[in-house]
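Please examine the sequence and the structure shown here.

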Amino acid sequence: MTGLYIALGVALLVIVVVVAIYNGLVHKKVRCEEAWSQIDVQLKRRYDLIPNLVETVKGYASHEKETLENVIKARNTAISANGVAEQAGAENMLTGALSKLFALSESYPNLKANENFAQLQEELTSTENKIAFSRQHYNDSVAVYNIDILKFPNNMVAGMFKFTKRDMFELEDTAQREAPKVSF
Amino acid sequence: MPVETFHTLIARNKRNSVLLITGFMIFFMGLGLLIGIVWGMSIGGSEPDYDAYGNAVYEHQTQGSEMPSEIPHDAPVEQATEINWHFGIMVALIAGGVAFVMTLASFYGGGNVLLGMSKARQIQKANDPQLFNVVEELTLAGGQPMPKIYIINDSAMNAFATGRNPKHAAVAITTGLRTRLNRDELQGVMAHELSHVRHYDILYATLMAVMVGCVVMLCDVFLRSVLWGGAGGRRRKSDSDNGILHIILTVVAIVLAILAPILARIIQMALSRQREYLADAGAVELTRNPDGLANALAKLSSDEEVLEVANRATAPLFIVHPVKKFEERSKSIFDTHPPVTERIKRLHSLTV
């Protein structure tokens, strides 16, 4: 009888531990997923801001067609990009085109004085930062999660319920992590 | 792995908060017991209706904290020869109740009290889009909820965070600091404040600020009740037992009145200096840019102005000590804040 109780007790203990570990892993996995979706939210916000920006700039510097068209083109490419690598490339193009646009605004004092433009510039700078920070947060969350599923005894539970390692958001070089400095 | 370090810090802060609350309750009840004994002796030990009577007396006295005038001097004289434990325990329970209410109040409302004391005014995104953007960016970096943002209308440069957890947090910045920082520096300062939020420093510091105030107040009540009311007086001159008890109580009261505030201060400053370094490190963990905060601290340290709305209780909450002048800020060892120059040095030594 005593043996049975001990066995039952041990089984119960194992179940409690497994449930606790499982919940912990789910929690960390959900954090990663939330962080990932936040990146998309910010990217979308950037796409939404760009047409406004282009319209505003047009009013003051309509003959800078090429720069403006590049921005629009980069935006549309980024929206329609498929796959992480392709998207990352398109986003880089867009970031470059945008910083060119802001550099250009330096030679138009009227444009710079425009309140709407200043607002858009602040919003875009902030959105660039938000993209960078949400990627950073995603990577941080993935790092925590990836370490957690490797630890003992978590790795046994992770194996049982198919928690697999997640990929980090790779950046080509470290300078890219920082949002382009738009000085004003 | 820095994340692990911060996790242990958060766990420690929560544990310390529980300890603080427990210690505070025990201390409050113990002191309540002593005060009850002192009052009980003056009222008389064996009156049949001391419960209702004691209650009435207590309520009078907590409001005015002027007990001597309330104490009836025509109470029966001969009976008051032994310690009235019932009355003492009753006052202890009431004190415990008061402590409990205080704890709840400071847990749920402490942040608002401190914001109110600092004359902080909540703002919306339309009032200062850049400030909101900067904070939003950092909440994304830390994966934490957006705090409420407050402005203190003061030309002195300072900032603080308060609340009970990241979901109920507020950050406040003076207009003086806001206008003198560029975007990167503002980001550094806000990241420092959000690290306090993330580390649960805000809960501990807010509870501390309220409770230190309460302990000091109660010790004062106790000292007064021993010196001017209670066991002293003409009625017990013949009773040597009570005389000795009175002396002991007086000594305890004086020691407590002196020690309690000092002890509270020591706990407060010893813990908060370490927290400032950790919040600086946490800020860099968020921004990955030590220069922003370092430059902001340099600007902050050059500020000679004293923040009028800050006081001793709220001082540990601020990013730099709000009351002291720069020379003292950078030299004093027994302070709630580490010297700014040391903080800048440590920031630059952080590898990102």
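How many residues does helix H2 of chain A have, and how far does H2(A) reach from its first C-alpha to its last? In this predicted model, helix H2 of chain A runs over residues 65-80, which amounts to 16 residues. Its span from first to last C-alpha is 23 Å, close to the 22 Å expected at 1.5 Å a residue.

The buried residues of H2(A) are Leu68(A), Val71(A), Ala74(A), Arg75(A) and Ala78(A). Because they cover an arc of only 125° around the axis, they lie on the same side of H2(A). The other side of H2(A) carries exposed residues, namely Lys65(A), Glu66(A), Glu69(A) and Ser80(A).

Attention now turns to helix H1 of chain A, where Leu49(A) is placed. Leu49(A) counts as partly exposed because it has 18 C-beta neighbours inside 10 Å, whereas a buried residue needs 20 or more. When neighbours within four places in sequence are left aside, Leu49(A) is in contact with Leu120(A), Glu123(A), Leu124(A) and Thr127(A).

The last topic is the contact between the chains, to which chain A gives 13 residues and chain B nine residues. On the side of chain A that touches chain B, helix H1 (2-60) and helix H5 (115-150) of chain A each supply at least two residues. H5(A) provides the largest share of that side, 10 residues. Sorted by class, the side of chain A that touches chain B comprises three nonpolar, seven polar and three charged residues.

Definitions and conventions: Residues numbered from 1 in each chain as written. Chains lettered and ligands numbered in written order. Predicted model: local features only at pLDDT ≥ 70, side-chain atom pairs only at ≥ 80, totals over all residues. Helix = DSSP H or I, 4+ residues; strand = E, 2+ residues; numbered from the N terminus. Expected span 1.5 Å × (residues − 1). Buried ≥ 20, exposed ≤ 12 C-beta atoms within 10 Å, placed from the backbone. Arc of directions from axis to C-beta. Contact = placed C-beta atoms within 7 Å. Nonpolar A, V, L, I, M, F, W, Y, C, P; charged D, E, K, R; others polar.
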